[in-house]
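Here is a short briefing for someone meeting this structure for the first time. Have the sequence and the model open as you read.

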Amino acid sequence: MSQPFYITTAIAYPNGKPHIGHAYEAIATDAIARFQRLQGRDVRFVTGTDEHGLKMVQTARAAGRDTLEFADEMSSYFRDMCDKLNISYTAFMRTSDERHHKASQALWNAMQERGDLYLDRYEGWYSVRDEAFYDESELVEGEGDVKLSPQGTPVEWTVEETWFFRLSRYQDALLALYAQNPEFIQPESRRNEVLRFVEGGLRDLSVSRTSFDWGVKVPGSPDHVMYVWVDALTTYMSGIGYPDTDGEFARFWPADVHIIGKDIVRFHAVYWPAFLMSAGLPLPKRVFGHGFLLSRGEKMSKSLGNVVDPMELADLFGVDALRYFFLREVSFGQDGSYSAEAIVTRVNADLANSFGNLAQRTLSLIFKNCDGYLPAIRGHAAEDSALFDLVGSVVATEIPAHFENLAMSQALESWMKAVFACNAYIDAQAPWALKKSDPERMETVLATLFICIAQLALAAQPIIPEAATKLLDQMGVPEAVRNFAQIGSHWYSPLAESDYRLEQPKGLFPRLELAPEDGGNP
RNA sequence: GGCGAAGUAGCUCAGCUGGUUAGAGCGGUGGAAUCAUAAUCCAUAGGUCGGGGGUUCAAGUCCCUCCUUCGCUACCA
C-alpha cells in the first residue's frame, strides 16, 4: 500500500473575493501535492474557507444579506478559483459545515478533559476587525483622539466572560518541540521569530466570544462561540474525517505539512500544536510560512488600486503559465514581485522558447522524417549518453530533492538546465542535416530527444499539469510510466515497436503578448 | 530599544561549514544555424560582492562598526 501524504493550505477568510495571495498559496500547495502523487504517495489535500467571526456577520449585514447565505456565495468564489487553477484538493472544508462543528466541539471537549480550559472574565480593548484584545500599552492614537489597535483598527473597551486556554502550560513543551524538530517551522527566519516569541513567555489565550453567535457553539456553554482560530485550525482535522478517528483520519493524521502565509505562523506554530498536545493528538510534521506577492514591489491595497484578480491573470495568460511563473520566479518562503511584463518574459523564455519549442521541433522532425513512427535507437554515441545522464539525474534526483524541500523555484531551475542541454544537443547533432548524411544516426538522435522530453514533461507536470499531460498524451507515453519511479525505465522501445504514430504536433506553450495597457508605467 | 533577515553584473537573484581567474537567467553586443512557436546554439558583458576597520597564509563567505530596506517583538516619556 502506498504511503500516505497529507498537505493543507490555510483556509481562507471569505469576506472578500480571492486575491492573488490565495491563488499563490493554492498553486504552491497543489504543486507539492501533485509531486507527491507522482512519487506514488496516497495524497490528501485539504483547503477551504473559514467563515465564522464577527467580520463575516458585519460584512453580510452591510450587504443586507443573511450571513450563511452570504458565506455560501463567498465560499463558492474560492472553490471556483481552485477549480479554475487546477487545484487538486481532495476536500474543500467549510467551517460552517455541520460536520466541522462536531469536529471543533470534539477537539474542545478533549482540551476540556485535559483541564486546559477555564472560564474567566476578560476586560480590555477589543478590535472587532482583528478579533483580538489589546493591552492599553499597545494602542496607538488615531485621528481625533481615537484609540486604535497596532494594526490601526478601531477598538472598544469590552468586558466579557470568556473561556481561556492554558497556553502558559505549554511553553516548555513547545520549546522542546522546536528543539527536537528543527524542521517544524520553516523557513528558518520564521522559526527564529517563533522561538523568541515563545521564549518570552506565553499568556493564556482567550478562546471564546459572547458578543456574537456566528460560530461554533462551545459545548455546555451555549452563550459562547469559539474563537475563530480554534475552529479554523480544526478544518485540518475535519477535512479528513475527524471526529471520526478511524478511517481517513487514522491513516492521514498528522499532516505532513501545513502551507500557510507568513502572517499566520504564530497560530500554526504556537497555538495549534498546543491545542493538539492538550487534546492528546499527534502534531503536524512541518509548518511552512510562504512569503507575499508584491505587485511591482508594492503591497497590494485597494487604495493603491493595484489589486489584481487572479482569475483575470489566468484568463489573460493561461493557468499553466501563471502557475509556472509563480513557482519559478518566486523563491518559496520569500516575498516575490510580479507584473504583466515579468510573467510574459518568463513564460515566453522558459516555456514557449526553450521547452515548448524543443518539443515542437523534435516532434515535428519525427512526424515529417519518420512518418510519425517513433524511430529506433541504434547504439549510443557519447553525446547521447551524456544527455541521458544529465537529464536523468535532474529528473530522478535533483528535482525530487528540491520538491521535498519545498524549493519549487530551484526544482524548475534544474529543469531548465536540462532543457538547455537538450537544445544544445539538438543543435550540435543537427538531425535535420543527418537526414541526408546519416539517416540512422538521425533516428537515434530523435529517439534520444524524445525520451528526454518525456522525462522533462513528467517532471514539470506538478507545476504545469495541463500542458504537461497533453504533451505526454501527444507522445503516447503510457499512463503506467507517468511517475518519477517509472519514467526513467525502458518504456521507449516497446512504444517505438508498437504501431503508435504521432499526429501532427501542436504547440502547447503559446508565446504570450503584452497588452498595450500593461506595457507602460514602470 | 531588543532580536533577526537582506544589501553581489543594467534587471531578478545563486553563492553550504572561509581557499584556484565571484556564478546563473533575462536584457545588451558579436557570430553560427535555419528542423522549430523569428524560436535555438556559441562567444561576450571586466561587478571596489552597501561604507569603513579587523582576524587570517587566504574573506562576498568570520569579528567589530556605520548606512539603507524589511520582518518579529518590547517599551517609554
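Is α9 mostly covered or mostly exposed, and how many of its residues are buried? α9 is mostly covered, with 14 of its 15 residues buried. Bear in mind that this is a predicted model.

**Helix α9**

- Helix α9 covers residues 265–279.
- At 1.5 Å a residue, its 15 residues should span 21 Å. The C-alpha atoms at its ends are 21 Å apart, which agrees with that expectation.
- α9 has a kink of about 30 degrees at Tyr 271. The proline Pro 273 follows shortly after Tyr 271.

**Who surrounds RNA strand B**

- RNA strand B is surrounded by 24 residues.
- The closest are Arg 266, Asn 357, Arg 361, Asp 427 and Phe 509.
- Sorted by class, the surface near RNA strand B has nine charged, eight polar and seven nonpolar residues.
- Three helices each supply at least two residues of this surface: α6 (188–199), α12 (340–369) and α14 (408–429).
- α12 gives the largest share, with ten residues.

**How the protein meets RNA strand B**

- Which parts of RNA strand B make up its atoms within 4 Å of the protein? Sugar or phosphate accounts for 69% of them, and bases for the rest.
- Arg 196 uses its side chain: one of its N or O atoms is 2.8 Å from a sugar or linking oxygen of RNA strand B.
- Asn 353 uses its backbone: a polar atom there is 2.8 Å from a sugar or linking oxygen of RNA strand B.
- Phe 509 reaches a base: a backbone N or O atom of this residue lies 2.8 Å from a base nitrogen of RNA strand B.

**An open sheet of three strands**

- The strand order is β11-β13-β12, and the pairing is antiparallel.
- β11 (208–209) and β12 (217–218) are the edge strands, each pairing on one side only.
- Strand β13 covers residues 221–226 and is joined to β11 by two bridges. These two strands run antiparallel.
- Arg 209 stands opposite Val 225, which lies in β13.

Methods. Residues are numbered from 1 along each chain as its sequence is written. Chains are lettered from A and ligands numbered from 1 in the order in which they are written. This is a predicted model: local features need pLDDT of at least 70, side-chain atom pairs count only at pLDDT 80 or more; totals for chains, interfaces and linings use all residues. Side-chain values use heavy atoms; hydrogens and water are left out. Helices (H or I, at least four residues) and strands (E, at least two) are DSSP runs, numbered from the N terminus. The expected span of a helix is 1.5 Å times one less than its number of residues. The bend at a residue is the angle between axes fitted to the seven residues ending there and the seven starting there. Buried means under 20% relative accessible area, exposed over 50%, partly exposed in between (1.4 Å probe, protein chains only). A residue is near a molecule or strand if one of its heavy atoms lies within 4 Å of it. A polar contact is a pair of N or O atoms within 3.5 Å; within protein, one must be able to donate a hydrogen and the other to accept it, and residues adjacent in sequence count only if both atoms are side-chain atoms. Ala, Val, Leu, Ile, Met, Phe, Trp, Tyr, Cys and Pro count as nonpolar, Asp, Glu, Lys and Arg as charged, and the others, Gly among them, as polar. Two strands pair if DSSP finds at least two bridges between them.
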